[in-house]
Amino acid sequence: MIRSLRTAATGMYAQEMVVDVISNNLANLNTTGFKKSKVEFQDLLYQTIQNPGASTNGSAAPTSEIQIGHGTKPVSVLKIFSQGDVSPTDNPLDLAIDGEGFFKVQMPDGRITYTRDGTFKISADGRLVTSDGYVLDPEISLPENTTGVNISSEGVISAQVVGETEPEVLGQIELAKFVNPAGLKNIGRNLFEETGASGAPQYGTPDSDGFGRVLQGYIETSNVDVVQEMVNMIVAQRAYEINSKAIKTSEEMLTMANNLKR
């Protein structure tokens, strides 16, 4: 019975983690470029009470084994990088990636991080930056008296400047992609960092070699499916409930065993 208490407790802990992840998915339903996660589990060690074919007294050997499991444990919280829907905004600095690429963002300490959030702004010195002020890499600076910005699907940025008849080409966006994007590390603020699991970034231009094309005036919405998350939450709630009942049943059986001598 003591074993069942601990086994059921691992089940309750597992379902708590499932609900934690679902809650984070739902909380970020309206977060631009957010990628949902799911928890993956493995069963724990098994105690073998009887091996098949092992006779203890010289009689016929059993044909099946007796193994009792000890519950479950979480092994990963997998990020799912499926494409989110793209939504029009009519803001020329809003960009969405239709494909596998990531925007490159330079942090204040010089590190390069990666994001699917293309809601860029103009800083006081004319550079394209994220909502938190981190600079798009490579840097793009808009000249003074810019009246319009055009960004092609290949990421070529050009500006219409007062007094000029032809648009001025300012540069080209560079994207990154990874062999295993699920191995990227979330660092908050819609940013990811490369890890050993993600592999080294590969750099390229939009709309080439599978990096995805850039869509100006659109944002990529979260890939969270509300209905699926609600279904998952109900399943987790029921699993938590039945594990708690297993603990209660084990405790009642222990009480009955303790009362046998009364």
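In this predicted model, isoleucine 68 has a relative accessibility of 29% and therefore counts as partly exposed, since that class spans the range between the 20% and 50% cut-offs. The residue belongs to strand 3, which covers residues 66-69. Leaving aside residues up to four places away in sequence, isoleucine 68 is in contact with Arg3, Leu45, Tyr46, Gln47 and Ile49. A further point of reference is leucine 44, which is 24 residues away along the chain from isoleucine 68, with 10 Å between the two C-alpha atoms.

Turning to threonine 32, this residue sits in the loop that links helix 1 (2-27) with strand 1 (37-43). Its relative accessible area is 15%, so threonine 32 is classed as buried; the cut-off for that class is under 20%. Once residues up to four places away in sequence are set aside, the contacts of threonine 32 are Asp117, Gly118, Thr119, Asn190, Ile219 and Glu220.

Another part of the model worth a look is an open sheet of three strands, arranged in the order 12-13-14 with antiparallel pairing. Its edges are formed by strand 12 (146-151) and strand 14 (168-172), each of which pairs on one side only. On average, neighbouring strands of this sheet are turned by 25 degrees against each other when direction is ignored. In general, the strands of a sheet pair through backbone hydrogen bonds, in either a parallel or an antiparallel manner. Here, strand 12 and strand 13 (residues 156-161) run antiparallel and are joined by five bridges.

Notes: Residues are numbered from 1 along each chain as its sequence is written. This is a predicted model: local features need pLDDT of at least 70, side-chain atom pairs count only at pLDDT 80 or more; totals for chains, interfaces and linings use all residues. Side-chain values use heavy atoms; hydrogens and water are left out. Helices (H or I, at least four residues) and strands (E, at least two) are DSSP runs, numbered from the N terminus. Buried means under 20% relative accessible area, exposed over 50%, partly exposed in between (1.4 Å probe, protein chains only). Contact means heavy atoms within 4.5 Å. Two strands pair if DSSP finds at least two bridges between them. Axes are lines fitted to C-alpha atoms, for helices over the stretch in contact, and angles run from 0 to 180 degrees between N-to-C directions.
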